[in-house]
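Trainee: I am new to this structure. Please take a close look at a single part of it for me, and then show me what lies around that part.

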Amino acid sequence: MSNETHLHQTNSPSHAAIFTAKQISFIHDLHLPAVMSIDVAAQDDTTHVQTKSDRWEYTRLGRIHVLRFDLSPDFNKLLKVLVIKYTSGHLAPLTSEGFRHIKNVIRSLESISYSSVCKWLEVRAAADKASGYFEVKSVTRYLIRMGFPNFDIDDLETLVRLPVPSTSDPSLRYQDVEAAMPTHLKNLIINRLVEFGTPEGLASLSDNQLKDLSILAISYAVGCRPQQFAKLIGGSVKLHAMNHKTGLKRYLLAVPLVKQSSVTDSTTPVALSSEIGRIIDEYKKRFAIEDGDTLYPYDGDKKRSLSKQMHLSLNDALLFIQPKDVKLAIESQRMDRPEYSLYDFRHNIGHSMAMLNASAEEIAMVLGHASTVAASYYIEATPEIALLKHKALGQNPVWEGMMGLLLTGYSVNEAEWNGYFVSGIVRGKFIKRVGGCERHQKQCHLQKVRSCYGCFYFRPFRDVSKHREVQNIMTEELLDVVDVSQEGQGVLNPLIDTATQTKNEIEMVINRLQGGFR
């Protein structure tokens, strides 16, 4: 046996998977949080699990789930880390059945590698067997994002294109597409980019924070590959237009097209918001980047590629934008830090464009694909996904959990609050003091009341009747938008998505207040 591979025996005689020496070293260096925190969906749900034990038991929506880690110490540690990442990324823990599927697959693999898992997924899809498929696919994402040996960061580009088994439970397919970039994370990114895109916000950033945030901004807005980032120059981002009365600016990013040999132009213009444009302008100014200079030069570290360099910067930015309580939970080892890749953001762009009725050609152009095959994947999934999303409206606990609790802070009594008050006009009706706001800047960039329920600075007051009033108004608005869309624009009107999201955020605050969560 070479020194590169090592066979791990387990309690199961059928187990045949092997770890390489690099994988064993990687596992030994993994940090295992002492506690796995669980976002509750019901009052009696288990809130956390001690990870030291090899038997985890928790209650979720009235069901008791038991996870037994009965493999070798290395396999157990890796499984525990993956379960924690799954729980954090999905805002819901694995079921007992899902965990058993993952453990059985690990036992059946000849080697722990992307190619082996990929073959298993393809066989499963060809046989139309959905049980275990989506759970295994999810943990494969985490192995890739972690940089686990034999799982390359660029493998995420092919993972999304794997065939999917037919299933009588369409929510599984919805979860497979949407959970790669949870809605609460997208809301957090948008709010933070707008916040730091102001002069006051930019002045608060260090040089490294600014650079990392600019990479996150481009990733979220455009979904560039590492190869496209390597081709960006200072002149790729330019001010396109400006309203001198309002100060509103419009920027364009010339995206380098890779794997697009049939197109003669080397770039395609993509519009950027004024906030993202200002972040990149400030980055270019501080780092003295001229139009002809490389926008994100390779740092020369031979131990990591440009892909790894961009991956680290992206995840440093994702950690930086987290609310204070989340950062404290990560520092105290009560929560796993968020980890995503450039390819996760690419898939989010493709999915979002398809939801907005973009053509396959348009999606392929922005993503830099040589054909419309990959773009067609997003479009084919969209009608089913959209129907599920708008039908759910609070019935799906996974969808509910994604909406509000991580972004909305603790509740307070109105009489005890001495900061900013949240009041505003919603659909022509004045709503007074539904909560407090702990924002750092004097001016708020969001629409009062309507946008507050999904904001991490919002502190809802405990008077549920005020929130009920806002909920009723937003429900009426959602119904009106749906009616108008069916008569004119069609069911894929993006305003339906926005109204649905706002309604769910309000419902989550009400549910939490009624359930006694503070």
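Mentor: Start with serine 219, which is buried, with a relative accessible area of 1%. Buried means under 20% relative accessible area, exposed means over 50%, and partly exposed lies in between, using a 1.4 Å probe and protein chains only. Before going on, note that this is a predicted model: local features need pLDDT of at least 70, side-chain atom pairs count only at pLDDT 80 or more, and totals for chains, interfaces and linings use all residues. Residues are numbered from 1 along each chain as its sequence is written, and side-chain values use heavy atoms, with hydrogens and water left out.

Where does serine 219 sit? It belongs to helix H10, residues 207-222. Helices (H or I, at least four residues) and strands (E, at least two) are DSSP runs, numbered from the N terminus. Serine 219 touches Phe229, Leu314, Leu342, Phe345 and Ile349, leaving aside residues up to four places away in sequence. Contact here means heavy atoms within 4.5 Å.

Two packed helices are described by the angle between their axes and the distance between the axes. For H10 and helix H13 (residues 306-320), the angle is about 100° and the axes are 8 Å apart. Axes are lines fitted to C-alpha atoms, for helices over the stretch in contact, and angles run from 0 to 180 degrees between N-to-C directions. H10 and H13 are therefore roughly perpendicular to each other. The cut-offs are these: under 35 degrees is roughly parallel, over 145 roughly antiparallel, 65 to 115 roughly perpendicular, and the rest oblique.

Now go to valine 222. It is 49 residues from alanine 271 in sequence, and 9.0 Å from it in space, C-alpha to C-alpha. Alanine 271 lies in strand E9, residues 267-272. At 39% relative accessibility, alanine 271 counts as partly exposed. Its contacts are Arg250, Tyr251 and Leu252, again without residues up to four places away in sequence.

Helix H12 covers residues 274-286. It has 13 residues and reaches 18 Å from first C-alpha to last, close to the 18 Å expected at 1.5 Å a residue. The expected span is 1.5 Å times one less than the number of residues. Its buried residues are Ser274, Ile276, Gly277, Ile279, Ile280, Glu282, Tyr283 and Lys284. After H12 comes alanine 288, with a positive phi near 55°.

Last, the whole chain. It holds 20 helices and 12 strands. Of its 518 residues, 54% count as buried. Among contacts with a separation of 6 or more, residues 24 or more positions apart account for 65%.
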